[in-house]
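Subject: Structure handover

Dear colleague,

Here is the structure for your files. My notes on it follow below.

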Amino acid sequence: MNSDLKNIIGSNIRSFRKKKHHETVTSLSKIIGVSQPTVSDWETGKKMPRADNIKKIANHWQISTSQLLTNYQKLNNLDKLIADHIDDNFTTKEINDILNYIDLIKRAH
């Protein structure tokens, strides 16, 4: 799941950065306080941003952390409902646990 989550987060960061906020890797890296290669590694799924950086990005774009952590394209209505209720008070581990639980339920059906 960790690899999947890295790819989901990376894809969401890239998508939000390019399509919705028209930012460059350089400008985002300066705002978050990391290097350009670090942002690039996040976007390609090579590395996972730390929880504090996920929160910084979400705060900068005024979105919830769940919007960065969720692959909305693969969700059904129940999954979307759950994802929409994940807020910034959840830790990365708690979100991983929730996503793992959702996967477990899907495999059982």
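K47 is partly exposed, with a relative accessibility of 43%; the term covers the range between buried (under 20% relative accessible area) and exposed (over 50%), computed with a 1.4 Å probe and protein chains only. Its side chain forms a salt bridge with that of D41, N to O 3.6 Å. A salt bridge here is a side-chain nitrogen of Lys or Arg within 4 Å of a carboxyl oxygen of Asp or Glu. D41, by contrast, is buried, at 17%.

The model is predicted: local features need pLDDT of at least 70 and side-chain atom pairs count only at pLDDT 80 or more, while totals for chains, interfaces and linings use all residues. Residues are numbered from 1 along each chain as its sequence is written, and side-chain values use heavy atoms, with hydrogens and water left out.

Salt bridges

There are 4 salt bridges in the structure. One of them joins E43 and R17, whose closest N and O atoms are 2.6 Å apart. This pair connects distant parts of the chain, with E43 in helix α3 (residues 36-43) and R17 in helix α1 (residues 2-20), 26 residues apart. Both partners, E43 and R17, are buried. Another salt bridge pairs R50 with D52 at 2.9 Å, N to O. R50 is exposed, at 55% relative accessible area, and D52 is partly exposed, at 33%.

E23 sits in the loop between α1 and α2. Leaving aside neighbours within four places in sequence, E23 is in contact (heavy atoms within 4.5 Å) with R17, L28, I31, H60 and W61.

Fold and core

The chain has 7 helices and 0 strands; these are DSSP runs numbered from the N terminus, helices being H or I of at least four residues and strands E of at least two. Buried residues make up 37% of the 109 residues. Of the contacts with a separation of 6 or more, 55% are between residues 24 or more positions apart.

The largest nonpolar core has 18 residues, and I13, I57, W61 and L68 have the most contacts inside it. Such a core is a set of buried Ala, Val, Leu, Ile, Met, Phe, Trp, Tyr and Cys residues joined through side-chain atoms within 4.5 Å. At least two of its residues come from each of α1, α2 (25-32), α3, α4 (51-61), α5 (65-69) and α7 (92-108). Not counting residues up to four places away in sequence, I57 touches I13, I32, W42 and L68.

N53 lies in helix α4 and is buried, at 5% relative accessible area. In α3, the buried residues include W42 and V39. G45, which follows α3, has a positive phi near 80°.

Regards
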